[in-house]
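This briefing is intended for a reader with the sequence and coordinates at hand. Please consult the display below before turning to the notes.

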Amino acid sequence: MTDPRNPDKPHLRILGTRGVPAQHGGFETFAEHLAPYMVQQGWRVTVYCQEDGTGPIREDEWQGVRRVIIPVNQPGAKGTVLFDWKAMRHAIKEKGVVLTLGYNTAIFSIPYRLKRIPHLMNMDGIEWKRAKWSPMERLWLYLNEWAGCYLANHLIADHPEIENHLATRVSRKKITMIPYGSDALYENPPPPYEDLPIEPGKYALVIARPEPENSILEIVSAFSQQERGYKLVVLGNYDEQNPYHRAVIDAANNAVLFPGAIYDKRNVQALRYHAAFYIHGHQVGGTNPSLVEALGAGNPIIAHDNNFNSWVAGPVSIYFADADSLSNALTALTPDSEDLLTMKKASIQLHRRSFAWSYVLDKYHVTLPA
């Protein structure tokens, strides 16, 4: 499938993110890696980018990638839906393969079908099961999951459990499992946390949105049950007016630190690299970016016990079911434990084998129809 302005090159359009370079979540980071990689493979690549404000749609270029920038003067989810609609209206005017990241507005895929535009969709996690959504939001996501399954020509699942779930909707032949990827952190970055009272290798780390399904309250409660002799650093924005956030803060002892959300990539990577171990409490979802990034940093992993986490973190990691079992694990595993070196080596090997960007991007290259 070719772009009329470059007839010798296949054309990939990436929709469903806020754009590149990445300033937000996992899909933006993925697009930031995939788009330049596909340019290197001889493709012309377009990424649709959302911008707050008003004005005409405009274009520029970033690392050989064409950016179509769409201003949207609407905050929140309504703005995202409006952006997705405008991006689709623009995309159907050109030829090429469409890759949509996420199914939140999959119903907008009907025009691709009518115009016979090849369309692949990354189906993300099982979003409609998340407790944070209202009943109407869950219904919207549930219906759009079905729409994505049937309207897209091919589906990408980022975890075997997601593939199994999608296979209850469509044939497995329509699904390819490709996990999320991350950078490997093999060098020793300087500690960036001058304002935090922590030392390299003397703290545990949690990076997650402060929501019940991420087990933040269980993690903080378990850690705070006794004096551990090291710190727990919990990244994320906590609002004391939010009842759940207030409960997390109230459960913490003096060794728990809440530095807020840190968006600087180098600072976050350095915090990961120097952590004694990483605690991951996600209870739902597919291949979670934060867990994959912890593997890339060589972090020993303590994770909530479910099929999503155990496939990613492997058999050498430690798993917990509740605050009590996590407390027992934290008592047995300290920053001085000899087991940490074995766990660290296992994380690095897992990342190299299954979650390095080179492996993930190659699989997309093979899957995309040129």
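The notes below cover helix packing, a sheet, salt bridges and selected backbone features.

The model is predicted: local features need pLDDT of at least 70, side-chain atom pairs count only at pLDDT 80 or more, and totals for chains, interfaces and linings use all residues. Residues are numbered from 1 along each chain as its sequence is written, and side-chain values use heavy atoms, with hydrogens and water left out. Helices (H or I, at least four residues) and strands (E, at least two) are DSSP runs, numbered from the N terminus.

**Helix packing**

- Helix H1 (residues 26-40) and helix H13 (residues 357-367) have axes that come within 10 Å and cross at roughly 65°. Axes are lines fitted to C-alpha atoms, for helices over the stretch in contact, and angles run from 0 to 180 degrees between N-to-C directions.
- On the H1 side, the contact (heavy atoms within 4.5 Å) involves Thr29, Phe30, His33, Leu34, Tyr37 and Met38. On the H13 side, the residues are Trp357, Val360, Leu361, Asp362, Tyr364 and His365.
- The residues of this contact of H1 with H13 comprise 8 nonpolar, 3 polar and 1 charged. Here Ala, Val, Leu, Ile, Met, Phe, Trp, Tyr, Cys and Pro count as nonpolar, Asp, Glu, Lys and Arg as charged, and the others, Gly among them, as polar.

**Sheet**

- An open sheet is formed by 6 strands in the order E12-E11-E10-E13-E14-E15, with parallel pairing. Two strands pair if DSSP finds at least two bridges between them.
- Strand E12 (256-260) and strand E15 (318-320) are the edge strands, each pairing on one side only.
- Direction ignored, neighbouring strands of this sheet are turned by 25° against each other on average.
- Strand E10 (residues 203-207) and strand E11 (residues 231-235) run parallel and are joined by 5 bridges. Leu205 has Val233 in E11 as its bridge partner.
- Helix H8 (residues 265-274) packs on the sheet and touches E10, E11 and strand E13 (277-280). The direction of H8 makes about 135° with that of E10.

**Salt bridges**

- The count comes to 14 salt bridges, where a salt bridge is a side-chain nitrogen of Lys or Arg within 4 Å of a carboxyl oxygen of Asp or Glu.
- Accessibility classes are assigned by relative accessible area: buried means under 20%, exposed over 50%, and partly exposed in between (1.4 Å probe, protein chains only).
- Arg66 and Glu59 form a salt bridge at 2.9 Å, N to O. Arg66 is buried at 5% relative accessible area, whereas Glu59 is partly exposed at 42%.
- Glu59, Arg66 and Glu94 are linked in a network of salt bridges.
- Arg67 and Asp60 form a salt bridge in which the closest N and O atoms are 2.8 Å apart. Arg67 is buried at 16% relative accessible area, and Asp60 is partly exposed at 32%.
- The side chains of Arg130 and Glu213 also form a salt bridge, at 2.5 Å, N to O. This pair links distant parts of the chain, 83 residues apart: Arg130 is in the loop between strand E7 (119-122) and helix H4 (135-151), and Glu213 is in the loop between E10 and helix H6 (216-223).
- Arg130 is buried at 14% relative accessible area, and Glu213 is buried at 9%.

- The peptide bond from Val20 to Pro21 is cis, with omega near -5°. Pro21 lies in the loop between strand E2 (6-15) and H1.
- Gln63, which is not a glycine, has a positive phi of about 50°. Gln63 sits in the loop between strand E4 (58-62) and strand E5 (65-72) and is exposed at 55% relative accessibility.
- Arg116 likewise has a positive phi, near 55°, in a residue other than glycine. Arg116 is in the loop between helix H3 (110-114) and E7 and is exposed, with a relative accessible area of 75%.
- Asn328 belongs to helix H11 (residues 323-332) and is exposed at 54% relative accessible area. Asn328 and Ala222 are 106 residues apart in sequence but 8.4 Å apart in space, C-alpha to C-alpha.
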